[in-house]
Every structure is written in structure tokens, then in C-alpha cells.
Amino acid sequence: MHGNTSPEIRSGNHADLGDGIRLHYACAGRPGDPLMLFMHGFPEFWYAWRELLPHYGRHRFAVAPDLRGYNLSSRPAEVEQYKIGRLIEDVDRFIKALGYQDAIVVAHDWGGALAWSVAISRPQLISRLVMMNAPHPIPFARALATDPAQQAASQYMNWLRRPGSEDVLAADDFALMQKFLRGFSQAEWLDGPTLAAYKEAWGQPGAIRGGVNWYRASPIHPASDTEPGASRLELREEDFIVPMPTLLIWGEQDQALLPVLLDGIERVVPQLRLLRIPDATHWLVHEKPDVIRAAIDDFLGDGA
């Protein structure tokens, strides 16, 4: 597997985390090589990383799980099953179940929100962190409380939190789910085979509800008519420090997560390397896989 030939992606693997939770994962490379963990967001699944897994599987054990609630992993129905403490525990147990103590973590969107939380609360699990369009909780909570543009851009979160949103998302052959991915993207990455794979993942019983439950369980969301949301949170920067070397890649055309979320980030992420991609959207890993790979290679010190 070592050398220039890229290994195949192997899916269909499962890790038992206890408490009735199993995570399905895809991987490339050899178990025993350094672990590189890829964490997807909403409404995706392990397949979001198919452009990166073989590349990193050449020298590492590259692993992309379906996170709790998604695709072929356990999909509990109750919102409290998606509270951040349980999700952090999933990551901890998953790394241990694979036979490791820590990992390089690459994450996007909700996978990134979870990775920030792991980095802050259990930093021993993450040796290096690569983030893509995932806001650190301090600037995110601040912007949701005070920045009108970000408040407006995040209103979809409150819609997703409503009862029954999963049924609307699934209706008409997942029309709204497709719009989520297409409407904000500038590239035609959602081709026929890719869309078919996504529809199969969305069609797993309870999978859309599982993904939406991440929104329902989080205290970080815009204020609504009935809830104060992020405006009630009193977060102290010193409690949210990310201590490991971190590469943050940001597609600046993201319609939902605005560049204001980068303001002050270096105060909570002291070992930060920031790469802004002016013409990429939220779906930057699909639009710019070569740019992403080159940035991560450089960050990890992987020579050509």
C-alpha cells in the first residue's frame, strides 16, 4: 500500500461503541499506520470524503465514519441522544475501537462542530486538526447573538429544528435535500451516481431525522419567537481554547456560514493556519478537492 499507488476505499465496516451504538465506516490504507479520521456534516455521510481517502490511505489509515444518526450507523430517534457529550464520547470510543489513542482529524460542517468540541474537551485525542467551513463555538455564538447578517443566514437552523422538518426534507424524492446541496454550490459535483448514493443514504430508516436531531440538540442556534438561542449563552474564550496545530480552510462564498465567523478566531486557536478560498462555497471539498489536498499535504508536511 505504501508508495504511489492509492489504495481502494473499503466500506461496510462497523465499530461497536457500546450503549447500543455502532458506527459504520469506510477506510483506505492499513490499520496500524497513523490514524486520519474524516468527519462529515449535514446532510452528507462518509461518501463526502471519497476524493481524499485513497490519497491519505497511501501513508495513513484513512477512516471516514457515518456519524451517529446517518446512513448505516446507529440512528436513535430521541433528540437527547444527539447532545454534544454523547457525540464527543462517540469519537473517543471510535478512535479506541480502531485500536488508537489519537488521530489527525479532518472535519466539515457538523462534523467540524463536533471536532471543535473534541479538541476543546479531550485534546489528547487529536494530534492535528483540519477544519473546513465549521465555525468555532465562540465566534459562532457571538455572531448569532449580535450579527444581523449571520442571524439571517442561520435562520434555516431554526426551521430544521421544528417538528416534522425531516418529512418535508424527504418529500418529493428528497427535493429539498438536493436543493441544500445544489442551491448553495457553484460546481456540478452532484452528478447522477453521486446523487444516487446520497439518496440511498437519506433513505435509510430514520436517517434524515438523525441528521436533523443534531440541530435540535444543539444550544447554538439563532434566537426564535420561543427560544433565546445563542443569545442566552455566556461563553468565556479561555474555556474554549483549541491547543493543537489547526488548519482552517474556508470557502468564502458560503451562504450559511459567513466570513464574520473568522473574526477573533486566532484568540481561541493559537496555532492557527487559515486558508481562505474566495471562490469556494460551503461544499468546498467537492468543488476544490485538489486545493484541499494540497493544503492538507502542506500542513501535514507530506512532500510530493
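**Figure 1. Asp279 and its salt bridge in the predicted model.** D279 is partly exposed, with a relative accessibility of 41%. In this predicted model, the side chain of D279 meets that of K288 in a salt bridge, with 2.8 Å from N to O. K288 is likewise partly exposed, at a relative accessible area of 21%. K288 counts as partly exposed and not as buried because the buried class ends under 20% relative accessible area. Side chains of opposite charge can pair when their charged atoms come close.

Figure 2. R293 and D290 form a salt bridge whose closest N and O atoms are 2.3 Å apart. Both residues belong to helix α12, which covers residues 289–300. They are separated by 3 residues, about one turn of the helix.

Figure 3. A salt bridge joins R236 to D239, with 3.0 Å between the closest N and O atoms. R236 has a relative accessible area of 46% and is partly exposed. D239 is also partly exposed, with a relative accessibility of 40%.

**Figure 4. A network of linked charges.** Which residues are linked in a network of salt bridges? The network consists of D19, E89, D92, R93, K96 and R122. Across the whole structure, a search finds 18 salt bridges.

Figure 5. The secondary structure of the chain consists of 12 helices and 8 strands. The radius of gyration is 18 Å, close to the 19 Å that the globule rule gives for 304 residues, so the chain is as compact as a globular protein of that length. The C-alpha trace spans about 55 × 45 × 40 Å along its principal axes. Of the 304 residues, 57% count as buried. The accessible surface comes to about 12,400 Å², and 50% of this surface belongs to carbon and sulfur atoms. Among contacts between residues at least 6 apart in sequence, 73% join residues at least 24 apart.

Notes. Residues numbered from 1 in each chain as written. Predicted model: local features only at pLDDT ≥ 70, side-chain atom pairs only at ≥ 80, totals over all residues. Heavy atoms only, no water. Helix = DSSP H or I, 4+ residues; strand = E, 2+ residues; numbered from the N terminus. Rg over C-alpha atoms; globule rule 2.2 N^0.38 Å. Buried < 20%, exposed > 50% of the residue type's maximum accessible area, 1.4 Å probe, protein only. Contact = heavy atoms within 4.5 Å. Areas by Shrake-Rupley, 256 points an atom, 1.4 Å probe, with all protein chains shown as cover. Salt bridge = Lys/Arg side-chain N within 4 Å of Asp/Glu carboxyl O.
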